[in-house]
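Hi,

Here's the structure I promised to pass on.

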Amino acid sequence: MIDFSLTKRERKLQRMANDAARKLIRPIARYYDDYEHEHDEIKERDAIRQAQADIGMQSLTLLRQLGKEPGTDLSGIVATEEYYWGDAGVSLGAPNVGLGNAAIFAVGTKEQIERFGRKYTAMAITEPGAGSDSAAIRATAKLDQSTNEWVLNGEKIFVTGADRCEAVVVWASLDRSQGRAAIKSFVVEKGTPGFTLTKLENKCGIRASDTGSFALEDCRIPYDNILGTPEIKVKKGGFQGVMKTFDMTRPLVAIQAIGVARAALDFTKEKLEVAGYTFPYDRPLGELSVIQHTVLEMEANLEVARLLTYRAVAMMNQGLRNSLEASMSKAKAGRSATLVTQKCVALLGPLGYSREWLVEKWMRDSKITDLFEGTGQIQMLIIARTILGFQREQLK
Ligand SMILES: Cc1cc2nc3c(=O)[nH]c(=O)nc-3n(C[C@H](O)[C@H](O)[C@H](O)COP(=O)(O)OP(=O)(O)OC[C@H]3O[C@@H](n4cnc5c(N)ncnc54)[C@H](O)[C@@H]3O)c2cc1C
């Protein structure tokens, strides 16, 4: 039987992470929401670093554990929920845990993990003409055999952490005529000539996290900065190398969604309890008020999303293929978080919509979890294709 009840160690880390989120992250949440891009590096990074120190582990441990070390320990994912419960934007800005770091741990060699694993690394897949259909990307990488360097050209948009990151994992094609199989990922360090940050977005949510665009113009990087093999396997599995990254990042986005939604739900329940509501778990549906039923239903939805996420992570920890389960966790968590935060705003009336409280912010912060790393619709498409055994061409 699969059992996801937390061990004593996991529960302890959860408590410590929640304590750090409550004391260090939550208090600076509104500040960074108000002042997007005006991030006070020292204040912000100190808060995150202290949080990490407080829970007695490096964020890197989470990625190592998720990607490489077999086992059943869920403490990394459990702690991540607490950080995002503290604040999504601030946590996305934490060093070492960029989406690019996940890519490096998912497909990088030991040597690449040594070289880049500790740098805050963003992930650049999306382009003006390629979002959901990541196979449509136009950025190119050509090998200059005289210098043994990759030469990258193209444009990348909506890169999370674009300003603050130290490196970016860039998806580019070795040969556009060979389709998806020729798409590879490359680590490009900030400061590399020909790699320019061109724009920063002004966003609706996760405003403590910066998002920006890059231009790659004859940008030269060392040969060893390619993640995985340069071989183009057209017939079988060519695209799977880069797609493996999503198997790791989608459960991470799912737990982010759950953290944000739980923040809104915990707060809403507290306020409703002060107003005299109780939330019994042992009464028939017909005896519950609409408010009681709504709250219990939201809790149930988040618990389902959490269990799906634990399953996706547990499978990954055991080295099992988890693409279907990763998509399921993200589809359920992203959608549930969006609905839960909206309902919390509604239940709290005008004050839910006011900036006096953080509920309106959680509603804005949650939406991105149903968009990036593949939208909810795209996850449903992947799930349907996998269950029905359809090829991409048969269901799009
Ligand atoms: C704040 C923010 C941060 C981001 N961070 C990153 C990042 O770090 N790195 C990165 O590479 N990208 C990032 N993105 C980009 C994000 O991953 C894309 O926006 C997302 O993949 C969707 O692509 P798109 O915007 O081009 O939408 P489109 O692909 O144009 O889709 C538009 C709509 O159509 C739907 N749709 C598309 N195709 C289908 C289909 N076949 N069936 C049904 N519905 C479909 C989609 O679900 C969506 O609702 C970020 C975006 C935002 C807003």
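The shell around the ligand has 21 residues, and the closest are I125, G131, S132, T160 and T375. By type, the shell residues split into 12 nonpolar, seven polar and two charged. Keep in mind that this is a predicted model.

Where does the ligand lie relative to the domains? Domain 2 (119–227) and domain 3 (240–394) both supply shell residues, so the ligand sits between them.

Helix α14 also turns up in a helix pair worth a look. Two packed helices are described by the angle between their axes and the distance between the axes. For α14 and α11 (residues 323–347), the axes come within 9 Å and cross at roughly 145°. That crossing is left-handed. On the α11 side, the residues that meet α14 are L324, S327, M328, K330, A331, G334 and R335. Their partners in α14 are G376, Q379, M380, I382, I383 and T386. Sorted by type, the residues of this contact come to six nonpolar, five polar and two charged.

As for the chain overall, the secondary structure comprises 14 helices and eight strands. The chain has 396 residues, of which 47% count as buried. If you take the contacts between residues at least 6 apart in sequence, 75% of them join residues at least 24 apart.

Cheers

Conventions: Residues numbered from 1 in each chain as written. Predicted model: local features only at pLDDT ≥ 70, side-chain atom pairs only at ≥ 80, totals over all residues. Near = placed C-beta within 6 Å. Nonpolar A, V, L, I, M, F, W, Y, C, P; charged D, E, K, R; others polar. Domains from an automatic or database assignment. Axes fitted to C-alpha atoms, helices over the stretch in contact; angles between N-to-C directions. Helix = DSSP H or I, 4+ residues; strand = E, 2+ residues; numbered from the N terminus. Left-handed = near helix turned anticlockwise from the far one by under 90°. Contact = placed C-beta atoms within 7 Å. Buried ≥ 20, exposed ≤ 12 C-beta atoms within 10 Å, placed from the backbone.
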